[in-house]
Amino acid sequence: MTNKEYRPLVYICSKYRGDIKTNVENARKYCRFALDNMTIPIAPHLLYPQFMNDADPNERYLAVHTINYVLLGKCRELWVFGKEFSDGMQREIDIAKRRKMKIRYFSEEMEEQA
């Protein structure tokens, strides 16, 4: 079956560092949720750690401050998951606010917050 409805790009903002295994599992769920809600999810923290070294300060800077911010600019909305924000998440939120992007906040259970 083909679905020809337009799907906007949305940037998935959720934790990566800390409990990486759990955070990656959560990010996958958030991406599926976004897909099921007629969007195309962009989650750099699921892709770039596959071939970049997050422990290398130069590679982390390239991923966080160059690649992620370019991708954020290609998205229509920023979707933020969870109630506690990492430093990286907060930077993404701040950039989206400066760019006057639509920001939507969701709980870890994927319920939209006011």
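Two strands count as paired if DSSP finds at least two bridges between them, and helices (H or I, at least four residues) and strands (E, at least two) are DSSP runs numbered from the N terminus. This is a predicted model, where local features need pLDDT of at least 70, side-chain atom pairs count only at pLDDT 80 or more, and totals for chains, interfaces and linings use all residues. Residues are numbered from 1 along each chain as its sequence is written, and side-chain values use heavy atoms, with hydrogens and water left out.

**View A. Strand 3 beside strand 4.** Residues 77–81 (strand 3) and 102–106 (strand 4) pair in the parallel sense, with five bridges. Here phenylalanine 81 has phenylalanine 106 of strand 4 as its bridge partner.

View B. Four strands line up as 2-1-3-4, with parallel pairing. Strand 2 (40–42) and strand 4 are at the edges with a single partner strand each, so one side of each has no neighbour in the sheet.

**View C. Strand 1 meets strand 3.** Strand 1 (residues 9–13) pairs with strand 3 in the parallel sense over four bridges. Look for tyrosine 11 opposite leucine 78 of strand 3.
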